[in-house]
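Grab a pencil and work through these exercises on ring pairs and helix packing. Each one comes with a worked solution.

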Amino acid sequence: MRSGYACRNMPQHLAISGLCLGGLLLLHPYLQSQNSRTYDLKVAVDEVEITFHAGDIHGLPVSDLRQDEVRLLDNERPPRRIVLFELLRDLPIRAGIMLDTSASMDQHHQANQAIASAYIQHFLNPRTDSAFVMSFGQRFQVREPWSNHQDALTAAIQKSGFLPSTTALFDAIYAACRYQFGKLDHASSGNFILLFTDGEDDASFLSLEDAANMCQHTNTAIYTFRQDDQHGDPEGLRTIARLASLTGGHVFPADDSPQEMEEDLKIIQANLRNQYRLVYNPADLKRDGAFHRIVLLPPDRVATVQTRSGYYAPKDKPVTR
């Protein structure tokens, strides 16, 4: 959700006497007062911006979709108006490597470090991409801030050692999206968290919905590698599946062969570098903070669509007298 200003549907007598520039109506000098003050007409506009990836049955990006081929539903209603529909090619990547170093992840930690290091060494393009490394248990710590230096990022991954502790998963995700991805112009890059966790959370102050909402706000998808073992917590598996679903990410099995794991990482790259941006005005947007579910219905030639599941409407603050 974004709020801005625009000069749409202005009265004709204003349109012929002014110029719409950067969302402001700049009035003709004839309409300015004698002391040369400029009056700006500001009209609030509520727009929702989403990005999505479309793939064919072979997992390859579909790069020739037209706007009239895609049906969008916002809370089961079509939008009032489509403002923008465009293809984004070869986007730069912004990646957050997040490693759960709590007690429950002890036996998986080295394997997770290997997958994270493989991504940095083989898929991060130092000319266009950057990443940060964060470890978390009861507390989170940024091991390496935003960087395009593969060796420094890999070293930070390898130094994120196991620490017996409880897990504040939701707090860590919220912090990563707000304080790391929140610094970015997140509409001009493919943003994702490569998350390594079993989904257990026994120490967070925030909820799963709080974490997912902040990811949606910064256009950040969560991709994770699921740990399948006989002691796995079913609730934890449901947690990581829901985080991926809400943010437009995906869950991969962590016990893939090296070749399969490389294919999984290639899928992440294809999803994030080739996306569509769609901006629209909802048919009925109430400023009540309610969740709006988004459904994208593509043509038959598209096998998969990945996007966030929705957004929270803005909430007006109560007026005090």
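**Aromatic pairs and a helix pair**

The structure holds 13 aromatic pairs (Phe, Tyr or six-membered Trp rings with centres within 6.5 Å). The model is predicted: local features need pLDDT of at least 70, side-chain atom pairs pLDDT 80 or more, while totals for chains, interfaces and linings use all residues. Numbering starts from 1 along each chain as its sequence is written, and side-chain values use heavy atoms, with hydrogens and water left out.

**Exercise 1.** Classify the pair of tyrosine 119 and phenylalanine 192.

Step 1: the centres are 5.5 Å apart, with 80° between the planes. Step 2: that pair is edge-to-face (planes over 60 degrees apart). Step 3: tyrosine 119 sits in helix α2 and phenylalanine 192 in strand β11 (residues 190-196), 73 residues apart.

**Exercise 2.** Now do tyrosine 223 and phenylalanine 252.

Step 1: the centres lie 6.4 Å apart and the planes are at 15°, so call the pair stacked (under 30 degrees). Step 2: tyrosine 223 is buried at 1% relative accessible area, and phenylalanine 252 is buried too, at 3%.

**Exercise 3.** How do helices α2 (residues 109-123) and α3 (residues 150-159) pack?

Step 1: their angle is about 175°, with the axes 9 Å apart. Step 2: α2 is therefore roughly antiparallel to α3 (over 145 degrees). Step 3: the residues that meet (heavy atoms within 4.5 Å) include Ile120 in α2 and Leu153 in α3.

Conventions. Axes are lines fitted to C-alpha atoms, for helices over the stretch in contact, and angles run from 0 to 180 degrees between N-to-C directions. Helices (H or I, at least four residues) and strands (E, at least two) are DSSP runs, numbered from the N terminus. Angles under 35 degrees count as roughly parallel, over 145 as roughly antiparallel, 65 to 115 as roughly perpendicular and the rest as oblique. Buried means under 20% relative accessible area, exposed over 50%, partly exposed in between (1.4 Å probe, protein chains only).
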